[in-house]
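Trainee: I would like to go through this model and ask what stands behind each label.
Mentor: Go ahead, and we will set each value against its cut-off.

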Amino acid sequence: MAHIGDIEKACGVLRAGGLVALPTETVYGLGANAEDPVAVARIFQTKGRPPTHPLIVHIAAAEQLDEWVEEVPAAARLLARRFWPGPLTLVLRRGRRVPLEATGGLETVAVRVPDHPVALALLSAFGGGVTAPSANRFGAVSPTTVDHVRAELGDAVDFVLDGGPCEVGVESTIVDVTGENPAILRPGGVTREDLEAVLGCPVEVPATTGVRVPGQHPSHYAPRARVALVEPEKLVAEAELAQGAGYRVGVLLPPALATARVKAHAVIALPGSMHAYAQGLYGFLRDLDQYGCDLIITSLPAEEGLGSAIANRLRRAAGPRPTA
Ligand code: TXA
Ligand code: MG
C-alpha cells in the first residue's frame with residue numbers, strides 16, 4: 001500500500017510531466033497533469049488510444065468543480081454533492097483551464113472525484129486536476145489490482161501507486177448534464193436507480209451508450225479470448241459443443257446454474273451478489289485468459305442496478321473485433 005513518501009514522489013512525477021498509475025475505487029487509472037498537453041499526449045501514446053477519445057479529469061473535491069467547467073447546472077450540483085467522492089463522472093461544458101488535448105477536441109469535459117484514500121491524497125497534495133483513463137492498453141480489460149497494472153503497462157508508466165484491489169471493480173457511471181435532461185453515457189458504479197432517486201426524474205440511457213466518439217471500435221473491455229453471450233438455458237450445451245469443436249472454453253457460470261455440470265477448459269462460478277460480481281469481473285476475464293481459454297461463454301445478468309454496468313461491459317467485450 002502506498003505511503004506518504006509515495007504520494008510525494010507521485011506528485012513530483014506529475015509536476016515533471018510524467019505518468020502515474022493510481023488506484024481509484026472503480027479501476028486503476030493512468031494519470032497525468034491535466035493542464036500539461038505534452039503529458040496528456042503521452043497517455044494516448046502509452047495506451048495506444050486514438051487522440052479523439054476524451055479523458056476524465058480527476059479532482060480532489062466537489063468544491064473545485066467550478067474551476068474546471070464553464071458552468072454548473074443545478075442537476076450537476078445536486079449529483080456532485082450527493083455522489084462525490086464516488087463512481088460518478090459528470091460531463092459539463094469545458095472550462096478554459098482544460099486543454100483540448102484532454103477532451104479529444106470536445107467543448108465538454110468529463111470530471112469526477114474518486115473515492116479512494118490514495119487517489120484523494122494524491123489529488124489534494126498535487127492541487128491540480130489529473131486526467132486518467134483506465135490504466136490498460138486501448139480496448140483491453142481495465143486493471144483492478146496493481147498486478148494488472150504492471151501486466152498491462154510494465155515500464156511504460158513512471159510510477160505506480162499501490163492502493164490494493166479496487167472496491168467497485170467497474171468504471172464510473174458517466175452522466176451528461178449539458179443537455180435539458182441528464183443522460184447516462186456509460187452505466188457504472190452509481191446506478192440509474194440511485195441517480196433517479198436523487199434527481200426525482202427519469203434519467204435517459206441513449207441507445208448509443210458509450211460510443212460517443214467517432215472511430216471508436218465496438219469491441220472494448222475485451223480479454224484476449226473471444227466472448228460469446230448465450231441464453232442461460234443454452235449455456236451448458238453451448239459450452240460443451242464449443243469444447244467438443246476444439247475451443248478451450250472458459251465459462252463464467254451464473255449463480256442460477258451453480259449446480260450444473262459443465263464440460264469446459266475452465267469454469268468460474270460467479271458470485272451471487274452484483275457487488276461481488278462487479279468487483280471480480282475484470283479479474284475473472286483476465287484469469288480465463290491466463291488459463292489459456294480462447295473462448296469465454298457466459299449469460300448476461302439482469303439489467304438493473306449494478307447488473308446494467310456488468311451487462312454493458314460484457315456486451316462490449318463480446319463486440320466485433322478489429323479484423324487487422
Ligand atoms: O472509473 C472511471 O471512470 C475510470 C477511473 C480511472 O476514473 N476511468 C475511466 O476512463 O474509465 P476511460 O478513459 O477508460 O473512460 C472514459 C470515458 C470514455 O468512454 C470517454 O469517451 C468518456 O469517458 N468521456 C470523457 N470525456 C467525455 C466527454 N467530454 N463527453 C462524453 N464522453 C466523455
Ligand atoms: Mg477504459
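Trainee: Which residues are buried in helix H5 (residues 117-126)?
Mentor: The model is predicted, and in it Val118, Ala119, Leu120, Leu122, Leu123 and Phe126 of H5 are buried. The label means a relative accessible area under 20%.

Trainee: What do the buried residues of H5 pack against?
Mentor: Their partners are helix H1 (4-15), strand S1 (20-22), S2, strand S3 (56-58) and strand S6 (130-131). After H5 comes Gly127, with a positive phi near 90 degrees.

Trainee: Which residues of H1 and H5 meet?
Mentor: From H1 there are Ile7, Ala10, Cys11, Leu14 and Arg15, and from H5 Val118, Ala121, Leu122, Ala125 and Phe126. By class, the contact of H1 with H5 has nine nonpolar residues, no polar ones and one charged.

Trainee: What makes Gly5 partly exposed?
Mentor: Gly5 lies in H1. Its relative accessibility is 32%, and partly exposed covers the range between the 20% limit for buried and the 50% limit for exposed. Gly5 therefore counts as partly exposed. Between the C-alpha atoms of Gly5 and Ala39, 34 residues apart along the chain, the separation is 22 Å.

Trainee: How do you know that Gly17 is buried?
Mentor: Gly17 sits in the loop between H1 and S1. Its relative accessible area is 12%, and buried means under 20%, so Gly17 is buried. Neighbours within four places in sequence aside, Gly17 is in contact with Asp36, Ala39 and Arg42. Pro301 is 284 residues from Gly17 in sequence, and their C-alpha atoms are 42 Å apart in space.

Trainee: Why are H3 and H7 called oblique to each other?
Mentor: Helix H3 (residues 74-83) and helix H7 (residues 192-199) pack at about 120 degrees, their axes 10 Å apart. Roughly perpendicular ends at 115 degrees, and roughly antiparallel needs over 145. The value for H3 and H7 falls between those limits, and the two helices are therefore oblique. Their crossing is right-handed.

Trainee: Which residues of H3 and H7 meet?
Mentor: Ala75, Leu78, Leu79, Arg82 and Phe83 of H3 meet Asp194, Leu195, Val198 and Leu199 of H7. The contact of H3 with H7 divides by class into seven nonpolar, no polar and two charged residues.

Trainee: Which residues have the most contacts inside the largest nonpolar core?
Mentor: They are Leu79, Leu88, Leu90 and Leu195, in a core of 45 residues. The elements giving two or more residues to this core are strand S2 (29-33), helix H2 (37-47), H3, strand S4 (88-93), strand S5 (108-112), helix H6 (146-153) and H7. Another core, of 25 residues, lies apart from it and has Val141, Ala225, Leu270 and Leu306 among its residues.

Trainee: What does Leu195 touch?
Mentor: Not counting residues up to four places away in sequence, Leu195 touches Leu79, Phe83, Leu88, Thr173, Val175, Ile184, Val190 and Val203.

Trainee: What makes H9 and H10 roughly parallel?
Mentor: The axes of helix H9 (residues 274-290) and helix H10 (residues 307-317) come within 9 Å and cross at roughly 25 degrees. Angles under 35 degrees count as roughly parallel, and the label therefore applies to H9 and H10. The crossing of H9 and H10 is left-handed. Met274, Tyr277, Ala278, Leu281 and Tyr282 of H9 make the contact with Gly307, Ile310, Arg313 and Leu314 of H10. By class, these are seven nonpolar, one polar and one charged.

Trainee: Where is Tyr221, and is it buried or exposed?
Mentor: Tyr221 is in the loop between H7 and strand S10 (226-229). At a relative accessible area of 6%, against a limit of 20%, Tyr221 is buried. Its phi is positive, about 55 degrees, although Tyr221 is not a glycine. Most residues other than glycine have a negative phi.

Key: Residues are numbered from 1 along each chain as its sequence is written. Chains are lettered from A and ligands numbered from 1 in the order in which they are written. This is a predicted model: local features need pLDDT of at least 70, side-chain atom pairs count only at pLDDT 80 or more; totals for chains, interfaces and linings use all residues. Side-chain values use heavy atoms; hydrogens and water are left out. Axes are lines fitted to C-alpha atoms, for helices over the stretch in contact, and angles run from 0 to 180 degrees between N-to-C directions. Helices (H or I, at least four residues) and strands (E, at least two) are DSSP runs, numbered from the N terminus. Angles under 35 degrees count as roughly parallel, over 145 as roughly antiparallel, 65 to 115 as roughly perpendicular and the rest as oblique. A crossing is left-handed if the near helix is turned anticlockwise from the far one by less than a right angle, and right-handed if clockwise. Contact means heavy atoms within 4.5 Å. Ala, Val, Leu, Ile, Met, Phe, Trp, Tyr, Cys and Pro count as nonpolar, Asp, Glu, Lys and Arg as charged, and the others, Gly among them, as polar. A nonpolar core is a set of buried Ala, Val, Leu, Ile, Met, Phe, Trp, Tyr and Cys residues joined through side-chain atoms within 4.5 Å. Buried means under 20% relative accessible area, exposed over 50%, partly exposed in between (1.4 Å probe, protein chains only).
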